[in-house]
Amino acid sequence: MAPSPVTVRDAEGVRTLTVDRPERLNALDRQTLEALDAEFAAAAADASVRVVVLTGAGPKAFVAGADIAEMNQLDAIAAREFSLLGQRLMRRIERMPKPVVAAINGYALGGGLELAMACHLRIAADNARMGQPEINLGLAPGFGGTQRLLRLCGRAAALELCLLGTPIDAARAQELGLVNRVVPAAGLQAEVDALAARLAAAAPLALRAILDAVVVGGECPIEEGLQFETAQFALLFATEDMREGTSAFLEKRTPQFRNR
Ligand code: CAA
C-alpha cells in the first residue's frame, strides 16, 4: 500500500497533521485532498483531540499549491470536481468544532495559501512566502482563495495578490492581517506548541461557541449574527465548564475544564 500523503501525530490533546510530499513541495493532488478531508473528519469526531495543527513536511514548504502536473491533465468537468473537492475540504476545516492552527513553514502558494486561510489561526516562519500565483499558470484560485482572501484582507489586497500573482513575505502578510504572528523559522515549532497547548487547556465547549459565532455568525447580517452570539453565550451557562471557570476565578485557583 502506498504511504499516506498526510502523517498524523498526537500529543496531549494536540493532533498534528503534516502534508507529507516534500519532493513535490507538498502540492495538493486529489489523493492528498481526500486524505486531509478524512483526517479532519476523524479529528472533529475524536473527543481526545482538542486542537489541530496543520503543517508541511520538509524545510521548504507548507504547501506549494494544487498539483500542477495533475491539473495539466484535467478537462473542465474534472476541474470542476477538483475545485469542489478542494472547497469541501477548506469548508470542513473552517467549520471544525475545535481550533485549527496553520504552522506556515515556508511556501504557502495557491491552494497552499487557500488551505492556510481556512485554518482559524496562522503562525508563519519569517522565511515563509505566501501568494496566489495561479495567474502565472493562466489560472484563477479554485479552492476558495478569491473569497477568503477578500474577507480576510479586503478587496485591494485580494485583487493585488490574485491579479499580479507575486508572492509576499511574512512581514507583509502580517501587515495585511493574513497571518496572526511571524516568528523566526527556528522558533516556529516552539511557538505553535505553546499556542496549541494553551488552546488544548481551554474550555472546549466555549472554544466551539466562539468558532461558531465568528465563522457562521460572521457570515450573517449583524442582527442575525448578534442573535446567534446570544444563543451561544446562553448555551454555555448549561455547561459544567462555565461553572468551573467562574468558580475558579472567584476561588483564585486554576480551572480544570472537562469538556462538559
Ligand atoms: N505542483 C506540482 N509540483 C510542484 C508544485 C506544484 N504546485 N510546486 C513545486 N512542485 C515540484 C516541482 O515541479 C519540482 O519537481 P521536480 O523536482 O520534479 O522538478 C519540486 O516540486 C521542487 O520544486 P522547485 O524545483 O520548483 O523548487 P524551487 O525552490 O526552485 O521553487 C517554488 C519553489 C517557487 C514554490 C516553485 O516550485 C513554484 O513556483 N511552484 C508552483 C507554485 C504555484 O504556482 N502554486 C499554485 C498552483 S495552482 C493552484 O493552487 C490552483 C488552486 O487554487 C486550486
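Visitor: Among contacts in the protein chain between residues at least 6 apart in sequence, what share joins residues at least 24 apart?
Guide: The share is 69%. This is a predicted model. A pair counts as a contact when heavy atoms come within 4.5 Å.

Visitor: What makes the radius of gyration of the protein chain agree with a compact globule?
Guide: Set the two values side by side. For 260 residues, a compact globule would have a radius of gyration near 18 Å. The protein chain has 19 Å, so the two agree. Along the principal axes, the C-alpha atoms fill a box of roughly 60 × 45 × 35 Å.

Visitor: What is that chain built from, in helices and strands?
Guide: Eleven helices and ten strands.

Visitor: How many of the 260 residues are buried, as a percentage?
Guide: Buried residues make up 46% of the protein chain.

Visitor: Why is Leu-89 called buried?
Guide: Its relative accessible area is 0%. Buried means under 20%, so Leu-89 qualifies.

Visitor: Where is Leu-89, and what does Leu-89 touch?
Guide: Leu-89 sits in helix α3, residues 76-94. Leaving out residues up to four places away in sequence, Leu-89 touches Leu-33, Leu-36, Asp-37, Phe-40 and Leu-115. Phe-143 is 54 residues from Leu-89 along the chain, with 8.7 Å between their C-alpha atoms.

Visitor: Why is Ala-45 called exposed?
Guide: Ala-45 has a relative accessible area of 68%. Ala-45 belongs to helix α1, residues 30-45. From Ala-45 to Ala-196 the sequence separation is 151 residues, and the C-alpha to C-alpha distance is 18 Å.

Visitor: How do you know that Leu-163 counts as exposed?
Guide: The same test. Leu-163 has 58% relative accessibility. The cut-off is over 50%, so Leu-163 counts as exposed. Leu-163 is part of helix α6, residues 155-164. Glu-134 lies 29 residues away along the chain, and the two C-alpha atoms are separated by 8.9 Å.

Visitor: Why does Asn-259 count as partly exposed?
Guide: Asn-259 has 29% relative accessibility. Buried needs under 20% and exposed needs over 50%, so Asn-259 falls in between. Asn-259 lies in the segment after α11.

Visitor: What is the phi of Asn-259?
Guide: Phi is positive, about 60°, although Asn-259 is not a glycine.

Visitor: What makes Lys-252 exposed?
Guide: Lys-252 reaches 78% relative accessibility. That value is over 50%, so Lys-252 counts as exposed. Lys-252 is also in the segment after α11, a helix that covers 240-250. Lys-252 is not a glycine, yet its phi is positive, about 55°.

Visitor: Which domains does the domain assignment give?
Guide: Domain 1 covers 6-200 and domain 2 covers 203-250. Ten residues from domain 1 and eight residues from domain 2 take part in the contact. The C-alpha centres of the two domains lie 27 Å apart.

Visitor: How far apart are the mean positions of the positive and negative charges?
Guide: The distance is 3 Å. The protein chain has 27 positive and 31 negative charges.

Note on methods: Residues are numbered from 1 along each chain as its sequence is written. This is a predicted model: local features need pLDDT of at least 70, side-chain atom pairs count only at pLDDT 80 or more; totals for chains, interfaces and linings use all residues. Side-chain values use heavy atoms; hydrogens and water are left out. Helices (H or I, at least four residues) and strands (E, at least two) are DSSP runs, numbered from the N terminus. The radius of gyration is taken over C-alpha atoms; the globule rule is 2.2 Å times the number of residues to the power 0.38. Buried means under 20% relative accessible area, exposed over 50%, partly exposed in between (1.4 Å probe, protein chains only). Lys and Arg count as positive and Asp and Glu as negative; His and the chain ends are not counted. The place of a charge is taken as NZ of Lys, CZ of Arg, CG of Asp or CD of Glu. Domain bounds come from an automatic or database domain assignment.
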